[in-house]
Amino acid sequence: MRAVIALGLCLLLAVVQAATISRLEDVDWSKVRSIREKPGYRGAVSVGDVPPTGPYRSQRILNGVTVARGDIPYAAAILISEEFATYFCGGVLISELYVLTAASCVEGDRELSITVLLDAAQINTAGEFIAVSQIVLHPAPSDNDIALLRLNRAVRLNDNIRPVTLPNRRQRGMTFVNQLASISGWGRTASNTNEALPMNNLRLVRNHVMSNFNCGVSFPFTITDQHICITGDSGSACAGDEGGPLTTVDVVTGRTFLIGLYSFTSFLGCGMGRPTVHTRITEYLDWIEANSDVIILDNWDTVA
């Protein structure tokens with residue numbers, strides 16, 4: 001029955017080895033590009049914003065801090081290879097076999113070879129390098145920027161590789177407004193738009209969750225219940241961070257848990273204090289449970 005539900009709620013895409021990368025040593029990082037540079041990439045932007053007429057402002061994680069190995073054990077780096085190109089996105093480990101990322105990172109009609117890197121606080125010395133055997137897209141990916149990646153083997157968990165906690169069903173409908181949230185990734189950090197991606201060091205920035213109403217001022221006619229926004233006051237996710245985890249801390253248990261996946265920001269740039277928009281995980285708990293091996297809890301215990 002679960003398999004029937006899964007087929008009814010998702011699009012299953014076989015991953016074909018288009019330009020197979022079998023070892024970390026095979027990666028030519030100088031040729032890896034942001035997913036935004038992929039032809040046909042449909043990353044959403046505000047319909048109210050217009051492209052700047054002057055020089056494009058910097059894409060950076062302003063005031064982002066480098067994290068140590070094991071600080072964010074669920075962060076996943078994703079290499080998406082086609083026949084003549086390799087692109088980069090972020091993701092988040094949710095079980096020994098599944099990673100969540102943005103649908104906009106992995107959708108399309110071209111053959112793909114996808115590899116997930118874990119224990120990658122320094123990406124060129126990642127501890128795990130695992131191929132993806134299946135892409136599970138949401139059935140309406142243009143409006144629901146979320147996808148599951150099934151690994152071709154179970155990852156070996158340790159202090160540096162551990163799945164993130166997902167929201168429980170009690171948290172459905174919670175807005176998390178004004179809570180401090182963290183976004184992490186290997187995206188751009190400087191004003192040089194030719195900066196190589198991904199950056200070698202995983203970085204983190206913290207901002208507060210804002211209401212969807214206020215977020216809609218920057219993104220008119222764009223923000224829905226499926227989105228969660230954070231301010232750009234202390235920095236911003238940017239090119240190379242797509243699909244990366246947005247987390248917060250539960251005030252009762254002290255547990256860090258996933259509330260979003262980075263989706264998009266303004267045409268006007270991501271180093272200018274504008275909000276960033278993320279896929280709201282609490283809207284997809286049933287879909288995640290139906291299409292992966294994760295069990296969504298009704299509530300957590302009181303131990304962090």
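Cys229 is buried, with a relative accessible area of 0% (buried means under 20% relative accessible area, exposed over 50% and partly exposed in between, with a 1.4 Å probe and protein chains only). The model is predicted, so local features need pLDDT of at least 70 and side-chain atom pairs count only at pLDDT 80 or more, whereas totals for chains, interfaces and linings use all residues. Residues are numbered from 1 along each chain as its sequence is written, and side-chain values use heavy atoms, with hydrogens and water left out.

The protein chain has 4 helices and 15 strands (DSSP runs numbered from the N terminus, helices being H or I of at least four residues and strands E of at least two). Of its 304 residues, 54% are buried. Among contacts (heavy atoms within 4.5 Å) with a separation of 6 or more, 74% are between residues 24 or more positions apart.

The structure holds 2 disulfides (pairs of cysteine sulfur atoms within 2.5 Å). In one of them, the sulfur atoms of Cys215 and Cys229 are 2.1 Å apart. This pair links distant parts of the chain, with Cys215 in helix α3 (residues 212-218) and Cys229 in strand β12 (residues 227-230), 14 residues apart. The torsion about the S-S bond of Cys215 and Cys229 is about -75°, so the disulfide is left-handed. Cys215 is also buried, at a relative accessible area of 0%. A disulfide also joins Cys89 to Cys105, with an S to S distance of 2.0 Å. Here strand β5 (residues 86-93) contributes Cys89 and helix α2 (residues 103-106) contributes Cys105, 16 residues apart. A torsion of about -90° about the S-S bond of Cys89 and Cys105 makes this disulfide left-handed. Both Cys89 and Cys105 are buried.

Strand β12 is covered on both faces, with His227 and Cys229 buried on one side and Ile228 and Ile230 buried on the other. Strands pair if DSSP finds at least two bridges between them. Strand β11 (residues 203-210) runs antiparallel to β12 and is joined to it by 2 bridges, Val209 having Ile230 as its bridge partner.

A search of the whole structure finds 8 salt bridges (a side-chain nitrogen of Lys or Arg within 4 Å of a carboxyl oxygen of Asp or Glu). Glu128 forms one with Arg153, the closest N and O atoms being 2.6 Å apart. Glu128 lies in strand β8 and Arg153 in the loop between β9 (147-151) and β10 (180-185). Glu128 counts as buried at 4% relative accessibility, whereas Arg153 is partly exposed at 28%. Glu128 also meets Arg156 in a salt bridge (3.3 Å, N to O). Arg156 is exposed, at 54% relative accessibility. A further salt bridge joins Arg172 and Asp286 (2.6 Å, N to O); these residues are 114 apart in the chain, Asp286 being in helix α4. Arg172 and Asp286 also belong to a network of salt bridges with Arg169, Glu289 and Asp298.
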